[in-house]
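Dear colleague,

I am passing on to you the structure shown below, together with a summary of what was found in it. Please read the notes alongside the sequence and the model.

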Amino acid sequence: MSAHSIVFQCKKKRQLALLYLIIGAITIGFAPVLVRLSQVGPISTGFWRVAIAFPILTLLSMRQGSTLPNDEEIPAFKDYLWVLFSGILFGGDLATWHLSIHFTSIANSTLLANVSPVIIALWGWLVLGKTPKKKLIIGLLLAIFGIAILIHPSLHMNQNTRIGDSLALITAFFYAGYLLVLNRARRKFTTFSSMALSTFASMLTLLLITLISGEAFIPTTETAWLVLIALALFAHILGQGLIAYALPYLSVTFSSTALLIQPMVAAMAGWFFFSEHLGAIQIIGIFIALIGIFLAKQTI
């Protein structure tokens with residue numbers, strides 16, 4: 001194969017990866033709409049989201065293989081435990097995020113849940129002792145300032161809205177932990193095998209929380225099932241799968257920028273489907289926070 005052909009194929013793969021990344025981010029951006037439309041409880045919705053996705057991910061992992069083809073070392077028992085632990089954290093992420101969507105606006109819930117890159121960057125600085133970059137400091141300050149602008153109206157609203165914003169922030173910590181653990185766990189597993197294992201742990205975690213909460217659990221109409229199936233197929237499998245495929249082919253800077261489409265899509269979806277109007281000041285706050293998140297992502 002000529003050098004020109006290799007360059008052309010690499011360029012084509014990057015272009016395809018960019019398309020997949022954007023489609024994945026947009027798909028996940030519509031997930032809050034389906035969560036809000038669900039006819040079972042928010043935590044139950046999270047359970048069905050992963051329970052429906054699990055057998056499909058298992059079949060995909062069987063085709064892909066369980067471990068990386070270039071990894072000579074067979075995964076040890078502790079490696080499986082790390083993947084399962086990431087699934088428990090993701091279960092906590094879905095439980096708190098889905099609850100927050102029912103208490104606060106979709107824009108607030110999604111943006112606050114997406115500050116996880118800032119938390120990961122802070123983890124590297126405060127816990128791992130990495131010297132903080134100027135981008136992290138600026139990004140952190142911008143993210144805090146933008147979020148303060150966004151949630152300021154919530155402080156004057158009812159208690160439910162404040163609870164929703166708080167749950168969304170807790171979600172960001174769960175998701176940051178999930179990404180940190182999964183990054184360590186995925187070193188010996190293929191994409192779909194790690195997704196299948198973590199999804200299994202998420203399913204059990206959410207089932208336990210659902211049973212404790214006493215929420216409405218079993219869907220009783222065809223529409224209810226369709227919403228849950230759409231959430232599993234589009235948000236969990238298609239959205240996450242496309243992003244997982246695309247990331248290795250794109251630079252961190254470019255990927256970070258494209259993934260910020262998700263909270264913007266969610267905000268527009270909240271406005272379109274549920275008339276959750278945002279004032280000019282709140283829109284400015286969203287963009288300031290997104291810039292801060294973008295800068296923080298560059299330091300991860």
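I begin with Trp-225, which is found in helix H10. This tryptophan has a relative accessibility of 32% and therefore counts as partly exposed, the class between buried, under 20%, and exposed, over 50%. Please bear in mind throughout that this is a predicted model.

Trp-225 belongs to a nonpolar surface patch of about 460 Å², which it makes with Ile-56, Ile-229, Leu-233, Phe-234 and Leu-238. Helix H10, residues 222-246, gives the largest share of this patch, namely five residues.

As to the overall fold, the chain has 13 helices and zero strands. Read from the N terminus, its elements run α-α-α-α-α-α-α-α-α-α-α-α-α. The chain has 300 residues, and 50% of them are buried.

The buried residues in question are Ile-106, Ala-107, Asn-108, Ser-109, Thr-110, Leu-111, Leu-112 and Ala-113.

The next group of findings concerns the end of the chain that holds H12 and H13. The second largest pocket has a volume of about 180 Å³. Two elements each give two or more residues to its lining: helix H12 (261-274) and helix H13 (280-297). The lining consists of Met-264, Ala-267, Met-268, Trp-271, Glu-276, His-277, Leu-278, Ile-283, Ile-286, Phe-287 and Leu-290. Sorted by class, these comprise nine nonpolar residues, one polar residue and one charged residue.

Glu-276 lies in the loop between H12 and H13, while Arg-36 lies in helix H2 (residues 31-37), so the pair ties together parts that are 240 residues apart in sequence. The count of salt bridges in the model comes to one. Glu-276 has a relative accessibility of 17% and therefore counts as buried, the cut-off being under 20%.

The loop between H12 and H13 also contains Ser-275. What is the phi of Ser-275, which is not a glycine? The angle is positive, at about 55 degrees. As background, most residues other than glycine have a negative phi.

Two further pairs of residues bring together separate stretches of the chain. Thr-210, placed in helix H9 (residues 191-213), is 168 residues from Pro-42 in sequence, yet their C-alpha atoms are 9.0 Å apart in space. Thr-210 counts as buried because its relative accessibility is 2%. The second pair is Ile-144 and Val-115, which are 29 residues apart along the chain and have C-alpha atoms separated by 9.5 Å. Ile-144 lies in helix H7 (residues 134-151), and its relative accessible area of 51% is why it is exposed, the threshold for that class being over 50%.

With kind regards

Technical notes
Residues numbered from 1 in each chain as written. Predicted model: local features only at pLDDT ≥ 70, side-chain atom pairs only at ≥ 80, totals over all residues. Heavy atoms only, no water. 1 Å grid on protein atoms, 1.4 Å probe; cavity = no way out; pocket = protein on both sides within 12 Å on 5 of 7 lines; lining within 4 Å. Points joined across faces, edges and corners; volume = space filled by probe spheres on them. Helix = DSSP H or I, 4+ residues; strand = E, 2+ residues; numbered from the N terminus. Nonpolar A, V, L, I, M, F, W, Y, C, P; charged D, E, K, R; others polar. Patch = residues over 30% accessible without salt bridge, like charges linked within 9 Å, V, L, I, M, F, W, Y side chains within 5 Å. Areas by Shrake-Rupley, 256 points an atom, 1.4 Å probe, with all protein chains shown as cover. Salt bridge = Lys/Arg side-chain N within 4 Å of Asp/Glu carboxyl O. Buried < 20%, exposed > 50% of the residue type's maximum accessible area, 1.4 Å probe, protein only.
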